[in-house]
Structures are given as C-alpha cells and as structure tokens.
Amino acid sequence: MKWVIIAVLFGICVAIGYLFSMKYKKRVQFYTALIMFAQKLDVEINFSRERLKKLIEGMDEKTKRNLFGLDKNFLNYLSGSEELTQEALFKNCPVLKPEEKEMVFLFFKSLGRSDVLGQSKEIQNFVKRFDENLTKCASENKKYGSLSLKLGFIAGLFIVVILL
Amino acid sequence: MLDGILPDSVLLPIKNKVGLSSLNEIRLRADKPILLSQMGQKYFLSENGRTRSYNEAMFATSSMIEEVVFRASECSIYSVNEQIKKGYIATPNGIRIGITGNVVEEGGVVKTMTGFSSVNIRIPHEVRNCSLKAYSCIVKPDGVLNTLIISPPGAGKTTFLRDFVYQLSERNMPYNALGLDERGELNIGRGLGNYADIISFASKKIGFENGIRSLAPNIIVTDELSEWEDVEAVKFASNCGVRILASTHSDSIESFLQKAAFKELIDENVFKRYVVFSMREGPGTLEGIYDENFSRMMRW
C-alpha cells in the first residue's frame, strides 16, 4: 500500500510539473498559430479580397485548434449584431496575460475596418508585435517550461525519499 | 433582409411597426432623425413606428452609421472598397446603400472613404408585371427594339428592366439576355428569367466588351447610363448588332434631350423607344412612351 501511495504522489508531482510546462508550450503554439492566421489573412485579403467570414472558416484545422476558440468567438461576432468585447473574444482561451489580451483584441477589432492597403499594413504591424511576443514565449518555454518539468520530477523524488 | 445591417434598435420598429414591403428608403444621418420613405411619402422613424413628429423621432449617431457600413460590407470593408469609392455598397440581396463621408484622394484619384456620415438604404422591390403596359411598344415581330428608360432616381427604372427581361422569358422568347449589373441590383427576386447571364460589378466598358465577345447575347440590359464611356459602350454594342435595354436618370424627356453625352445616340437614332417614368403618383408612374423621333406613342 505504501508503495502505491508513493507512486501516486510521485505521479502527481510530475503531472503538475508537466501541466506548468504545457502552459508555456501552449503560449508558443498560440502565437505561432496567430501569426500564421494573420499572415494568411493578409495574403488572402490582397489576393482574393474575400469576406472575413469565408477566409476564417477556410483556415486549416491545426491553426484553428491552436487559437483556442478565438476564431469561433470572432465568427460569432461577425454573424451577430453585438459589439466585440474582450469577454466574448477570449471565452475559453486561458493562455494570454491581460496586456496580451488587449493587443490581440485590438488586432481582431481592426479586421475588416479599412481598405486593402490599410488593412494589409495594419496586419503586418500586428504580426511584428506578435512575433516579438512569440520570441518571448519561446524563451520562457525554454527556460521555465523544462524547469517546471524538472521541478515536478525533483519534488516527486523528494517526497519519495521522505516517505521512504 | 436588413438583419445584420441595421442595429436592433432601428430594425425592430421598422420590421414590427412599419413593414418592409412598402418601404423604399431608410436614411440615417449623423445626429439627425432617421427618415423613412414609404410610397413616395416621408416620415421619421420612432420607437412606435413611423411618425411626422420631430420630437418623437429616433436619431442616428456616427457610430451607428459606421457600424451599418461595416455590417453592410459583411464586416470586410476592403472587399467593397471599389464600391465605396463610387459612394455605395451593394449587398448580396440587392439592397443598395448610398454612403457619404470623407473622401480620401491622392493625385486626383479617390482611394477610399472614411468617417462615414450618412447612409441611404434603398430597398428593392419586385413589382410583377409592371413592364406589361409598355411591352407591346418595345417588342415587335422582328425582335426587341433598342429602348432607353428615363426616370428620376427611385422611380422604378431598375424594377421595370428586371420585369421586362423576365417577361421576355415568360413569353418563350429565348433571347440570350446579358445583364450588366454594375451595382448588384438587377439579379434579385425572380431575377431576369431563364435566358439571362449576369456580369456583376464590372464597368459598362468592360462588361459590354467581354460580354459580347464571350457570351454572344441577343440583348444587353444595363442600368444607369451616365458618362461618355457608357455611351461609347452602347454604340459598340449597337454596331455589333446587339439589342440594348438601358436606363438613365432624367426627370423628363425635355431634360434628357439636354444631356450632351447622349447627343450622338439621339442623332444616330440608336434608341427606337424611350420609356419615361416619374414620381408623380409615387414610384413607377409611367408618363409616356416615345419613338425615336420623340413622338409620344402612349399617354397615361
């Protein structure tokens, strides 16, 4: 019985470490997907000038998945007649910090509001800022992501040693 | 029809208290009362429907107008910028929204419009059989005569064009009609019938040239001839042996004859029939049909 408890506690510690490391990984995935999303919009707006709704619906599944529901929430706004709010846009999207939410919100709010040239420039400016965030997230992931996993593992070992 | 374009605060009184079936126009001007045009009469919009009382009127705001333009473009201003440059947006269901704002020019060329300050939402109506009064004057045993519809704005010329082409197909005249729908207004409701092709949102010049070369139409139907370029396109089609059914803005035959751009077409008798509409008894009042010598053939 003692060994089972030790194994469970060790597992819990490693899992907590893994969850923490995933948080950093998800942020990297989110910004990678957001940049991809913005760049694809930029190209399509310049080329086909297709409506936003159709462009977003046509995005690949991987990009959509890593946007953590932002695409769906934005599509809901496009289909309705309500104003776009941060609460509605970031529903089910837990990976962003408040100041990052503000920037991403401004990006979505700017979509569809100007002519091709203006829209394209605006998207490119946002992509630059997203790129900076991605670099930050990648270095955080490198630093703290693997650290969390290691810490979880060490904490687990520590508990094992104490209990033994 | 207007869902997703107008905010609920404006749409609900219109839908529930006024009704869309007889409504012709909705005008929103920043910080001014919302105006309705219904069967040629003007009203203010109030929470309880239409009113003549200024004090009861609902007012439009700048942000409301910005949002109407944004929603009318299906949340994609960039996709309709060419239309915005010409001062309107055409929605997929045939509503034409005239817009005003700050025109951004560069080197004498309009780049876009910003700061929208007013919109005029024109609601299209399908008036079935409205062209039948004039039908026998325009269609002869050897075919359809080149015809120009003359009317002031909002008097029913597009409705007439649409119904006329539809009537051709109903009467088993398998005319290959080509609709040049520059503003997305011709192909709504039951449209132009069974024998029509539509080129949408192209200029008259491009539409006439491409259409004649690739679609071999018997008749070209187009709305609102106004510039020299449009007149040249009509001459080109006429010289190619294609019949033309078109419209232009003018409030009478006399004022039409003063339009310099049309002088050549008049002198060369390109049009064999002129159908004149007015707003005298509301939209669609047929004033008369004239032959190529401007002799009145019918009077109402």
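Analyst: Welcome! Let's start with one term: a residue is buried if 20 or more other C-beta atoms lie within 10 Å of its own, exposed if 12 or fewer, and partly exposed in between, with C-beta atoms placed from the backbone. The model here is predicted, and local features need pLDDT of at least 70, side-chain atom pairs count only at pLDDT 80 or more, while totals for chains, interfaces and linings use all residues. Residues are numbered from 1 along each chain as its sequence is written, and chains are lettered from A and ligands numbered from 1 in the order in which they are written.

User: Why is strand 10 of chain B called mostly covered?

Analyst: Strands (E, at least two residues) and helices (H or I, at least four) are DSSP runs, numbered from the N terminus. Strand 10 of chain B spans residues 147–151, and five of its five residues are buried. T147(B), I149(B) and S151(B) point one way, L148(B) and I150(B) point the other way, and all are buried.

User: What makes strand 10 of chain B a partner of strand 14 of chain B?

Analyst: Two strands pair if DSSP finds at least two bridges between them. Strand 10 and strand 14 of chain B share five bridges and run parallel, so they count as paired. T147(B) stands opposite L245(B) in strand 14 of chain B.

User: Which sense does the pairing of strand 10 with strand 15 of chain B have?

Analyst: The sense is parallel, over four bridges, and strand 15 of chain B covers residues 273–278. T147(B) has R273(B) as its bridge partner there.

User: How many bridges link strand 13 of chain B to strand 11 of chain B, and how many to strand 14 of chain B?

Analyst: Strand 11 (residues 177–181) and strand 13 of chain B pair in the parallel sense over four bridges, with I219(B) as the bridge partner of A177(B). Four bridges also join strand 13 to strand 14 (residues 243–249) of chain B, again in parallel. T222(B) has A246(B) as its bridge partner in strand 14 of chain B.

User: Is I289(B) buried or exposed?

Analyst: I289(B), in strand 16 (residues 285–291) of chain B, has 20 C-beta neighbours inside 10 Å and therefore counts as buried.

User: How do you know what I289(B) is in contact with?

Analyst: Contact means that the C-beta atoms of two residues, placed from the backbone, lie within 7 Å. Leaving aside neighbours within four places in sequence, the contacts of I289(B) are A134(B), C137(B), R273(B), V275(B), M297(B) and M298(B). C137(B) and I289(B) are 152 residues apart in sequence, with their C-alpha atoms 7.8 Å apart.

User: Are D31(B) and C75(B) buried or exposed?

Analyst: D31(B) has 10 other C-beta atoms within 10 Å, so it is exposed. C75(B) has 20 such neighbours and so counts as buried. D31(B) sits in the loop between strand 1 (23–29) and strand 2 (35–38) of chain B, and C75(B) in the loop between helix 2 (62–72) and helix 3 (81–85) of chain B. D31(B) has a positive phi of about 60° although it is not a glycine, and C75(B), also not a glycine, has a positive phi near 60°.

User: What makes a set of residues a nonpolar core?

Analyst: The members are buried Ala, Val, Leu, Ile, Met, Phe, Trp, Tyr and Cys residues joined through C-beta atoms within 7 Å. The largest such core has 57 residues, and V68(B), V69(B), I89(B), I99(B) and V119(B) touch the most other members. Its largest share, nine residues, comes from helix 1 (residues 2–47) of chain A. Apart from it lies another core, of 45 residues, including V144(B) and I289(B).
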